[in-house]
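Take a look at the structure first, then work through the points below.

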Amino acid sequence: MSNAIFNDGEDHLFPCFSRADISFTRGEGAWLFGADGRRYLDFATGIAVTGLGHSHPELMNILASQAQMLWHVSNAVRIPQQEELARLLCEKTFADRVFFNNSGAEAIETAIKTARRYHFVAGATERYRIVTFEGGFHGRTLATIAAGGRKKYLEGFGPPMAGFDIVPFGDLNALAAACTAETAAVLLEPIQGESGVRMMSIDELKAVRHICDRQGVLLILDEVQTGVGRTGRLFAYQGAGAAPDILAAAKGLGNGIPVAACLATEKAAAGMTQGTHGSTFGGNPLSMAVAQKVIEVISDEHFLGEVRRKSDLLRTGLEALVADYPGAFTEVRGDGLLLGVKCASAVETAVSAALGHGLLTVAAGDNVLRILPPLIVSDEDIAFGLERLRRIAQALLSTIPGHGASSYVRTFLF
Ligand code: PLP
């Protein structure tokens, strides 16, 4: 096709994303430097990915040295970096076995296959159904959109993949009723990130674990967003005292290098025998070397303690913001550095106002402005971000009749 119909490079991309008209050339710690010559505080972290910030010295070193030695070989041979990372993940979690993928959705697919195969090899071939919670987001592959059950993601892609039963968020009676003799697993996010930072309480998670045990059903936790230190624990379940049988991790695991993992107990992984699953890129030496360093840095107890301290600092500031500007923000949600403030008006307006004030944030469902700083964020950066959020609140109020100026003026302050 002739290039004549295309105006610029973006016209050659599938227009699936709604992109802000901004790009970045460089990142350092919690800061991004825009092609527009301005700097931006990164409270989006590429949607909970760059937990160790940009240009982390240890990650740059390990990436450069592995890049000079070996990138890829395939899973037809042993990969020592893969074995080492699996050993480390098992040592730090409930798991005994790990399968490496490239993305969150793939890790969820692996988790679903693992749960179904567990029952299959145990002779319960009728147990293939997966129960999920309404509002859940597990990815954009055909199985994961069926697991999420959201109409807008399913529409136009043919019949949804069979075998998913969706119950109202937090309704444990409905969950217990949905777990039948055909159920293989319950799949849930400890905090629903995309749907508006909706948390399951510790008691609810424990109750879900209990229901699964009683019904002979496996528990799969989707920790794609909550994992790798985001909640101030290596994985969120560790703060709840209710371990899963299977867990999917991704996002923060590679700090931006595409890598994901499905973790399982020996028992739950029993069906995943030779030839049942595979991946060309999954677990290659390059991604493994980086992910190993990420886990080594983040799993340190002092590091995680600091994440929790910084979370308290940020949360206290956000609560004060809500108290001072109830016309703009109405509620603080979340845990660790996966926080959100519910907006009184459209969240998209808040995201673009934040960008105008040099602060990157992420929109979530239920009109929630997601605040996802890097785990290495400094106290000064938190203070700066909070101060910018105050200006944003004022700017938002100025757009509401009776609250000040009649129109919001986009201001760059750098
Ligand atoms: N699960 C959760 C909880 C997520 O937040 C996401 C992505 O946002 C996914 C799964 C899918 O991950 P990916 O986009 O890497 O496929």
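The crossing of helix H10 and helix H12 is right-handed. H10 spans residues 301-324, and H12 spans residues 379-398. Keep in mind that this is a predicted model.

**The helix pair H10 and H12**

- The two helices pack at an angle of about 15°. Angles under 35 degrees count as roughly parallel, so H10 and H12 are roughly parallel to each other.
- The axes of H10 and H12 are 10 Å apart.
- On the H10 side, the contact includes Arg309, Lys310, Leu313 and Leu314. Gly317, Leu318, Ala320, Leu321 and Asp324 of H10 also take part.
- On the H12 side, Asp379, Ile382, Leu386, Leu389 and Arg390 meet them.
- What kinds of residue make up this contact? Eight are nonpolar, one is polar and five are charged.

- Strands pair through backbone hydrogen bonds, either parallel or antiparallel.
- Strand S2 (residues 31-34) and strand S3 (residues 39-42) pair in the antiparallel sense. Three bridges link S2 and S3.
- Phe33 has Arg39 in S3 as its bridge partner.

- How many aromatic pairs does a search of the whole structure find? The search finds five.
- One of the pairs is Phe24 with Tyr40, whose ring centres are 5.5 Å apart. Their planes stand at 80°, so the pair is edge-to-face. The cut-off for edge-to-face is over 60 degrees.
- Phe24 lies in strand S1 and Tyr40 in strand S3. The pair therefore ties together parts that are 16 residues apart in sequence.

**The seven-strand sheet**

- Another open sheet runs S4-S12-S11-S10-S7-S5-S6, with mixed pairing.
- Its edge strands are strand S4 (97-101) and strand S6 (164-167), and each pairs on one side only.
- From one strand to the next, the twist averages 20°.
- Strand S11 (residues 246-249) and strand S12 (residues 260-264) run antiparallel, joined by four bridges. Ile246 has Ala264 in S12 as its bridge partner.
- Helix H3 (residues 80-92) lies across S4 and S12. H3 runs at about 125° to S4.

Conventions: Residues are numbered from 1 along each chain as its sequence is written. This is a predicted model: local features need pLDDT of at least 70, side-chain atom pairs count only at pLDDT 80 or more; totals for chains, interfaces and linings use all residues. Side-chain values use heavy atoms; hydrogens and water are left out. Axes are lines fitted to C-alpha atoms, for helices over the stretch in contact, and angles run from 0 to 180 degrees between N-to-C directions. Angles under 35 degrees count as roughly parallel, over 145 as roughly antiparallel, 65 to 115 as roughly perpendicular and the rest as oblique. A crossing is left-handed if the near helix is turned anticlockwise from the far one by less than a right angle, and right-handed if clockwise. Contact means heavy atoms within 4.5 Å. Ala, Val, Leu, Ile, Met, Phe, Trp, Tyr, Cys and Pro count as nonpolar, Asp, Glu, Lys and Arg as charged, and the others, Gly among them, as polar. Two strands pair if DSSP finds at least two bridges between them. Rings of Phe, Tyr and Trp (its six-membered ring) pair if their centres lie within 6.5 Å; planes under 30 degrees apart count as stacked, over 60 as edge-to-face and the rest as tilted.
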